Amino acid sequence: MYEKILVDIHSHILPNLDDGSKSMTESLEIIKVMHRLGYRKMILTPHNQQGWFTNPTEKIIDALNKMNIAVSIHRLNMILEAASEYYLDELFLQTIRKKLALTFGRKYVLIELSPFILDKFLFQHLDEIMQHGYVPVLAHPERYIYFYQQKEKYHQLHEMGVKLQLNLVALSNEVSKEMRCIAEYLIDQQLVSFCGSDTHSMKNSKILENLPNETSYLEKLVTTNPLLNSTLY
Ligand SMILES: [Fe+2]
(Lines give C-alpha, C1' and ligand atoms only; values in the text may rest on other atoms or scores of the structure.)
Protein backbone atom coordinates (compact mmCIF):
# COMPACT_ATOMS: atom_id res chain seq x y z
CA MET A 1 0.00 0.00 0.00
CA TYR A 2 2.78 2.41 0.92
CA GLU A 3 4.41 2.06 -2.51
CA LYS A 4 1.40 3.97 -3.87
CA ILE A 5 2.02 6.79 -1.37
CA LEU A 6 5.71 6.69 -2.35
CA VAL A 7 6.68 10.00 -0.74
CA ASP A 8 6.48 10.73 2.98
CA ILE A 9 6.09 14.45 3.64
CA HIS A 10 6.38 14.70 7.43
CA SER A 11 9.07 13.34 9.72
CA HIS A 12 11.49 14.28 12.47
CA ILE A 13 14.54 12.20 11.65
CA LEU A 14 17.23 14.82 11.18
CA PRO A 15 19.11 13.83 14.35
CA ASN A 16 18.98 16.12 17.39
CA LEU A 17 17.24 19.07 15.75
CA ASP A 18 14.01 18.57 17.67
CA ASP A 19 12.13 15.93 19.69
CA GLY A 20 12.70 13.31 16.97
CA SER A 21 15.60 10.98 16.21
CA LYS A 22 18.51 11.05 18.63
CA SER A 23 21.24 9.72 16.36
CA MET A 24 22.23 9.10 12.76
CA THR A 25 22.09 5.34 13.45
CA GLU A 26 18.48 5.59 14.58
CA SER A 27 17.57 7.69 11.53
CA LEU A 28 19.18 5.20 9.14
CA GLU A 29 17.23 2.35 10.77
CA ILE A 30 13.99 4.28 10.29
CA ILE A 31 14.84 4.98 6.63
CA LYS A 32 15.46 1.24 6.10
CA VAL A 33 11.98 0.42 7.43
CA MET A 34 10.37 3.15 5.32
CA HIS A 35 12.13 1.76 2.26
CA ARG A 36 10.95 -1.75 3.07
CA LEU A 37 7.38 -0.45 3.35
CA GLY A 38 7.60 1.04 -0.15
CA TYR A 39 8.60 4.67 0.36
CA ARG A 40 11.26 6.07 -1.98
CA LYS A 41 11.40 9.70 -0.92
CA MET A 42 11.09 11.46 2.42
CA ILE A 43 10.67 15.14 3.17
CA LEU A 44 12.30 15.73 6.55
CA THR A 45 10.47 18.38 8.58
CA PRO A 46 12.06 19.40 11.89
CA HIS A 47 9.95 21.60 14.16
CA ASN A 48 10.09 25.36 14.22
CA GLN A 49 8.23 26.88 17.13
CA GLN A 50 9.02 30.05 19.02
CA GLY A 51 10.30 29.20 22.51
CA TRP A 52 10.60 25.47 21.80
CA PHE A 53 12.70 24.51 18.77
CA THR A 54 14.08 27.09 16.38
CA ASN A 55 15.78 25.60 13.38
CA PRO A 56 17.04 28.18 10.88
CA THR A 57 17.14 27.10 7.24
CA GLU A 58 20.98 26.82 7.17
CA LYS A 59 20.94 24.46 10.16
CA ILE A 60 18.32 22.23 8.50
CA ILE A 61 20.16 22.15 5.15
CA ASP A 62 23.45 21.37 6.89
CA ALA A 63 21.81 18.44 8.72
CA LEU A 64 20.21 17.26 5.47
CA ASN A 65 23.58 17.26 3.70
CA LYS A 66 25.09 15.11 6.48
CA MET A 67 22.17 12.71 6.31
CA ASN A 68 22.45 12.43 2.52
CA ILE A 69 26.11 11.48 2.89
CA ALA A 70 25.21 8.79 5.45
CA VAL A 71 22.44 7.46 3.20
CA SER A 72 24.80 7.19 0.24
CA ILE A 73 27.54 5.52 2.34
CA HIS A 74 24.99 2.92 3.46
CA ARG A 75 23.65 2.59 -0.09
CA LEU A 76 20.05 3.24 0.92
CA ASN A 77 17.78 3.96 -2.01
CA MET A 78 15.87 6.88 -0.50
CA ILE A 79 15.68 10.44 -1.82
CA LEU A 80 15.75 12.96 0.99
CA GLU A 81 14.60 16.57 1.00
CA ALA A 82 14.05 18.95 3.87
CA ALA A 83 11.41 21.49 4.85
CA SER A 84 10.07 22.29 8.30
CA GLU A 85 6.96 21.84 10.41
CA TYR A 86 6.15 25.41 11.37
CA TYR A 87 3.97 26.17 14.34
CA LEU A 88 1.62 28.98 13.33
CA ASP A 89 3.07 31.71 15.55
CA GLU A 90 4.45 35.23 15.18
CA LEU A 91 7.90 33.93 14.21
CA PHE A 92 6.41 31.94 11.35
CA LEU A 93 4.31 34.88 10.14
CA GLN A 94 7.47 37.00 10.03
CA THR A 95 9.21 34.22 8.10
CA ILE A 96 6.51 34.08 5.43
CA ARG A 97 6.36 37.88 5.16
CA LYS A 98 10.07 37.76 4.35
CA LYS A 99 9.33 34.84 1.98
CA LEU A 100 11.92 32.72 3.78
CA ALA A 101 9.86 29.65 4.68
CA LEU A 102 11.31 26.29 3.72
CA THR A 103 8.88 24.64 1.33
CA PHE A 104 8.55 21.43 -0.64
CA GLY A 105 6.95 20.65 -4.00
CA ARG A 106 4.75 23.43 -5.31
CA LYS A 107 5.45 25.95 -2.55
CA TYR A 108 3.81 23.73 0.04
CA VAL A 109 4.51 24.83 3.59
CA LEU A 110 3.80 22.44 6.47
CA ILE A 111 2.12 24.11 9.44
CA GLU A 112 0.75 22.95 12.77
CA LEU A 113 -1.60 24.56 15.27
CA SER A 114 -2.26 24.41 18.97
CA PRO A 115 -4.05 21.10 19.63
CA PHE A 116 -6.34 22.69 22.22
CA ILE A 117 -6.93 26.39 21.58
CA LEU A 118 -8.41 27.70 18.36
CA ASP A 119 -6.53 30.75 17.09
CA LYS A 120 -9.31 33.24 16.43
CA PHE A 121 -7.29 34.68 13.54
CA LEU A 122 -6.60 31.27 11.99
CA PHE A 123 -8.41 31.90 8.72
CA GLN A 124 -6.92 35.40 8.34
CA HIS A 125 -3.44 33.97 8.91
CA LEU A 126 -4.04 31.23 6.35
CA ASP A 127 -5.22 33.85 3.85
CA GLU A 128 -2.09 35.86 4.44
CA ILE A 129 0.12 32.79 3.96
CA MET A 130 -1.60 32.12 0.63
CA GLN A 131 -1.31 35.74 -0.44
CA HIS A 132 2.45 35.40 -0.04
CA GLY A 133 2.40 32.61 -2.60
CA TYR A 134 2.53 29.61 -0.27
CA VAL A 135 0.15 26.66 -0.16
CA PRO A 136 -0.49 25.76 3.48
CA VAL A 137 -0.43 22.06 4.32
CA LEU A 138 -2.12 21.56 7.67
CA ALA A 139 -0.35 18.82 9.63
CA HIS A 140 -2.50 16.27 11.47
CA PRO A 141 -5.93 18.00 11.27
CA GLU A 142 -7.31 15.08 13.30
CA ARG A 143 -5.45 16.34 16.38
CA TYR A 144 -7.18 19.70 16.83
CA ILE A 145 -9.93 18.98 19.32
CA TYR A 146 -11.74 22.29 18.73
CA PHE A 147 -12.69 21.08 15.24
CA TYR A 148 -14.34 17.89 16.54
CA GLN A 149 -17.67 19.62 17.20
CA GLN A 150 -17.46 21.77 14.08
CA LYS A 151 -16.40 19.46 11.29
CA GLU A 152 -17.57 21.99 8.71
CA LYS A 153 -14.29 23.77 9.42
CA TYR A 154 -12.44 20.91 7.69
CA HIS A 155 -14.54 21.49 4.58
CA GLN A 156 -13.97 25.23 4.82
CA LEU A 157 -10.19 24.71 4.98
CA HIS A 158 -10.26 22.29 2.05
CA GLU A 159 -12.39 24.64 -0.05
CA MET A 160 -10.11 27.62 0.54
CA GLY A 161 -7.16 25.58 -0.78
CA VAL A 162 -5.51 24.46 2.45
CA LYS A 163 -4.22 20.90 2.02
CA LEU A 164 -5.04 18.57 4.89
CA GLN A 165 -2.24 16.16 5.89
CA LEU A 166 -3.46 13.17 7.83
CA ASN A 167 -1.06 11.35 10.16
CA LEU A 168 -1.22 7.66 9.24
CA VAL A 169 -0.78 6.69 12.88
CA ALA A 170 -4.21 8.24 13.53
CA LEU A 171 -5.73 5.19 11.79
CA SER A 172 -4.18 2.82 14.34
CA ASN A 173 -5.31 1.69 17.77
CA GLU A 174 -2.47 3.71 19.29
CA VAL A 175 -4.58 6.87 19.31
CA SER A 176 -7.88 7.68 21.03
CA LYS A 177 -11.06 6.36 19.45
CA GLU A 178 -12.21 9.94 19.01
CA MET A 179 -9.12 10.89 17.01
CA ARG A 180 -9.40 7.76 14.89
CA CYS A 181 -13.05 8.60 14.14
CA ILE A 182 -12.04 12.05 12.93
CA ALA A 183 -9.28 10.56 10.76
CA GLU A 184 -11.82 8.17 9.25
CA TYR A 185 -14.31 11.00 8.75
CA LEU A 186 -11.72 12.97 6.76
CA ILE A 187 -11.10 9.92 4.56
CA ASP A 188 -14.84 9.24 4.11
CA GLN A 189 -15.31 12.86 3.06
CA GLN A 190 -12.30 12.66 0.70
CA LEU A 191 -10.68 15.67 2.32
CA VAL A 192 -7.15 14.30 2.60
CA SER A 193 -4.58 15.79 0.19
CA PHE A 194 -1.47 14.42 1.88
CA CYS A 195 -0.64 11.75 4.40
CA GLY A 196 2.45 11.65 6.56
CA SER A 197 4.26 9.35 8.96
CA ASP A 198 5.25 12.12 11.41
CA THR A 199 7.97 9.67 12.42
CA HIS A 200 9.90 10.65 15.53
CA SER A 201 11.38 7.22 16.31
CA MET A 202 11.23 3.53 15.41
CA LYS A 203 7.91 3.31 17.26
CA ASN A 204 6.11 5.11 14.40
CA SER A 205 7.62 2.87 11.75
CA LYS A 206 6.50 -0.23 13.67
CA ILE A 207 2.93 1.11 13.80
CA LEU A 208 3.02 1.74 10.04
CA GLU A 209 4.21 -1.83 9.46
CA ASN A 210 1.11 -3.24 11.18
CA LEU A 211 -1.38 -0.71 9.86
CA PRO A 212 -2.47 -2.52 6.65
CA ASN A 213 -3.59 -5.49 8.80
CA GLU A 214 -5.29 -3.30 11.35
CA THR A 215 -7.61 -1.11 9.28
CA SER A 216 -9.22 -0.95 5.86
CA TYR A 217 -8.99 2.85 5.98
CA LEU A 218 -5.39 2.90 4.74
CA GLU A 219 -6.52 1.32 1.48
CA LYS A 220 -9.59 3.56 1.38
CA LEU A 221 -7.35 6.61 1.81
CA VAL A 222 -5.03 5.60 -1.00
CA THR A 223 -7.75 4.58 -3.43
CA THR A 224 -10.41 7.25 -2.88
CA ASN A 225 -8.77 10.45 -1.66
CA PRO A 226 -7.03 13.04 -3.89
CA LEU A 227 -3.59 12.22 -2.45
CA LEU A 228 -0.72 14.31 -3.78
CA ASN A 229 2.20 12.50 -2.11
CA SER A 230 3.36 10.63 -5.21
CA THR A 231 3.32 13.83 -7.32
CA LEU A 232 6.35 14.93 -5.30
CA TYR A 233 8.53 12.05 -6.49
FE1 LIG B 1 5.41 16.55 13.26
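**Close-up views of a predicted model**

**View 1. Helix α2 passes helix α8 in a left-handed crossing.** The model shown here is predicted. Helix α2 covers residues 24-37, and helix α8 covers residues 202-214. Their axes lie 9 Å apart and meet at an angle of about 15°. That angle makes α2 roughly parallel to α8.

**View 2. Residues of α2 meet residues of α8.** From α2 come Glu26, Glu29, Ile30, Val33, Met34 and Leu37. From α8 come Met202, Ser205, Leu208 and Glu209. By class, this contact has 6 nonpolar, 3 charged and 1 polar residues.

**View 3. Leu164 belongs to the largest nonpolar core.** This core holds 61 residues. Leu164, Leu186 and Val192 have the most contacts inside it.

**View 4. Val175 sits in the loop between β8 and α7.** Strand β8 spans 163-167, and helix α7 spans 177-188. Val175 has 17 C-beta neighbours inside 10 Å, so it counts as partly exposed. Beyond its neighbours within four places in sequence, Val175 is in contact with Val169, Ala170 and Arg180.

**View 5. Val175 and Ile187 are 16 Å apart in space.** That distance runs from C-alpha to C-alpha. In sequence, Val175 and Ile187 are 12 residues apart.

How values were computed. Residues numbered from 1 in each chain as written. Predicted model: local features only at pLDDT ≥ 70, side-chain atom pairs only at ≥ 80, totals over all residues. Core = buried A, V, L, I, M, F, W, Y, C linked by C-beta atoms within 7 Å. Buried ≥ 20, exposed ≤ 12 C-beta atoms within 10 Å, placed from the backbone. Axes fitted to C-alpha atoms, helices over the stretch in contact; angles between N-to-C directions. Helix = DSSP H or I, 4+ residues; strand = E, 2+ residues; numbered from the N terminus. Parallel < 35°, antiparallel > 145°, perpendicular 65-115°, else oblique. Left-handed = near helix turned anticlockwise from the far one by under 90°. Contact = placed C-beta atoms within 7 Å. Nonpolar A, V, L, I, M, F, W, Y, C, P; charged D, E, K, R; others polar.
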